[in-house]
Amino acid sequence: MDGIKYFGKNIAFLGRALPEAVRISPAFRRRLFKALPFIAMLAAWQMAVRFSGWSPQVFPGPVAVAAGMWELMENGTLLGHAVASLFRVTVGFYLAMLAGIPLGILLGRWQPAAQMLNPAIQFLRPISPLAWIPLAMLWFGIGDPPAIFLIFLSSFFPLTVSTASAAAAIKPVYFHVGANFRFSRIEVLTKIVMPAILPDILTALRISVTIAWLVVVAAEMIAVTSGLGFLILDARNGLRMDYVMDGMIVIGVIGMCLDSLMMRLARFESVCWGTLAS
Amino acid sequence: MGHIRIAGVSKGYINRRTVQRSPDTAGCFAGDRIAVLDDIHLEFHDGEMVCILGPSGCGKSTLLRIIAGFEACDRGSVVIDGRTVDGPDREHIFVFQHTALFPWMTVRENVGLGVRHLADRKEQGIRIQEYIEMVELDGFEDRYPHQLSGGMQRRAELARALVVNPETLFLDEPFTGLDFLTHMKMREEVTAMHEFIGKTIVMVTHDIDDALIMGDRIVVMSGRPSHVKLVRKLDFPRPRDFRKSPSLNDLRNEIFLMLGVNYAV
Ligand SMILES: Nc1ncnc2c1ncn2[C@@H]1O[C@H](COP(=O)(O)OP(=O)(O)OP(=O)(O)O)[C@@H](O)[C@H]1O
Ligand SMILES: [Mg+2]
């Protein structure tokens, strides 16, 4: 009894004596909360390595993978591959946005276009971008273009379809107001259609950037000699499973960053009216 | 300006229901036309405040939309100032029954829509501010509609309509969703504004007292298919009060009876 009491006192004393900065702030606690699953994963990984009995060549542990990561970072290959992948995703994704969003608006706001093109889009949409790999290589050869083409395909359809359904769902009363105030066609587009679909577009972008990031790795395993997908493939051929895992980790981290970037975009006040309203 | 003549307007909607629901569409099958407006003849004079009353679903909004040019009628015509209405117009501003503020624009941007063509930026700003202050939304200029209460949204919408200074103004139940005091105040405000600018205002309302206190002319419509049941010019001096004017009170009881309520409260 005495011991516990004494112990408690000791803790309280510690709490008081600690400087402000060292005490656990709510922000830090939140961060700790988010980090917990990662710590658990790391621990589980280490345990699995320890008790599975597989050789480090087959199943490297966290330490080996960290060492591999350090090597890859030090000689700059990792950065090079990551940049190559990001470049392809960026180009393909921008092309998909440039084509998909206007097409989606057209489909959503103009019945005849929707009636004509919808069946074709619904037919092409379920075909995995990966199924296009042979054709892409045949048409665009080796290098960036086929990979960019595949990424374009992977984000173009989801973007088009979500834009179309968002544009079709705009309340008619807004167009009445536009007509009442004599909006020009351009004004209808910039003052009504685009801001009205913006929240949905951001959601669609968030989803399709994830898909694009999934596809780039697969595309890079076939047509190119750079990028994270190539890194993984190359490491497998060299039987360096630690490098394979490094590639996977970097893919995960970058995917997470892309997602939070999109989330941040959606937080602007003029953009998020849709999620805050009602 | 703002003379409106409605000649023989009829309107029906196509029944898309395959299963009968409401008793008043019994015997009417999918694909049939449901008559909503039946041969409406009305004439409103320059600068009048017209209040349209009628049971819910009788076609008041439909009539108003037709007058403002948002919808075509099946038969008949609407002529405003000698011109047949064939579409929406800047001179005929419509305030919709359900809020139609652009949720992606601030109050200032919404109100500014009507004066966006003014070349003089400064004058534009002054006009916007003037009307925002008129509906007592100063301090809320940079808020988005979802940050305002329902009543404030209605007021912002009124400001957006008024800033245009239109020839005619169409209000579809502009006071719904307002609290009692704001309702009274807006009633006063719209009446005062009407006396000041002298434009024709056509207002749909379900509030008989609104109509009697504000209107220069009231129109009572019947249930569907609706025709005009009563048109009455009100010459009572303002401010009006039922308790002090027996003839106004009699009219009020008469309208209540007409709309199916036996004892006006
Ligand atoms: N676009 C439409 N398609 C089919 N029917 C419609 C349409 N618009 C209105 N109606 C029908 O026309 C009738 C009149 O509608 P309206 O909105 O004009 O009524 P209202 O008098 O304004 O009613 P409230 O007082 O409830 O606003 C209703 O029965 C409605 O079902
Ligand atoms: Mg109505």
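Predicted model: local features only at pLDDT ≥ 70, side-chain atom pairs only at ≥ 80, totals over all residues.
Helices (H or I, at least four residues) and strands (E, at least two) are DSSP runs, numbered from the N terminus.

The cut-offs: buried means under 20% relative accessible area, exposed over 50%, and partly exposed in between (1.4 Å probe, protein chains only).

## Around ligand 1

Ligand 1 has 13 residues around it, and those that come nearest are Ser56(B), Lys60(B), Ser61(B), Thr62(B) and Arg224(B). To be near, a residue needs a heavy atom within 4 Å of the molecule or strand.

Now for the polar atoms. The side chain of Lys60(B) has an N or O atom 2.7 Å from an oxygen atom of ligand 1. Cys58(B) uses its backbone instead, with a polar atom 3.2 Å from a ligand 1 oxygen.

## A sheet in chain B

Chain B has an open sheet of 4 strands in the order 2-1-4-5, with antiparallel pairing. Strand 2 (33–44) and strand 5 (83–84) stand at the edges with a single partner strand each, so one side of each has no neighbour in the sheet. Strand 1 (residues 4–14) and strand 2 of chain B pair in the antiparallel sense over 8 bridges; for two strands to pair, DSSP must find at least two bridges between them. Val9(B) stands opposite Ile40(B) in strand 2 of chain B.

Elsewhere in chain B, Val228(B) is in strand 10 (residues 228–233). Val228(B) and His41(B) are 187 residues apart along the chain, yet their C-alpha atoms are separated by 7.6 Å.

## Helices and rings in chain A

Which elements make up chain A, and how many? Chain A has 12 helices and 0 strands. Of its 278 residues, 37% are buried.

Over all chains, there are 16 aromatic pairs. One of them joins Trp139(A) and Phe140(A) edge-to-face, 6.5 Å centre to centre with 80° between the planes. Rings of Phe, Tyr and Trp (its six-membered ring) pair if their centres lie within 6.5 Å; planes under 30 degrees apart count as stacked, over 60 as edge-to-face and the rest as tilted. Ring pairs also link Trp132(A), Trp139(A), Phe140(A) and Phe149(A) into a cluster.

## How to read this

Residues are numbered from 1 along each chain as its sequence is written, with chains lettered from A and ligands numbered from 1 in the order in which they are written. Local features need pLDDT of at least 70 and side-chain atom pairs count only at pLDDT 80 or more, while totals for chains, interfaces and linings use all residues; side-chain values use heavy atoms, leaving out hydrogens and water.

Conventions
Polar contact = N/O pair within 3.5 Å; in protein donor to acceptor, adjacent residues only side chain to side chain.
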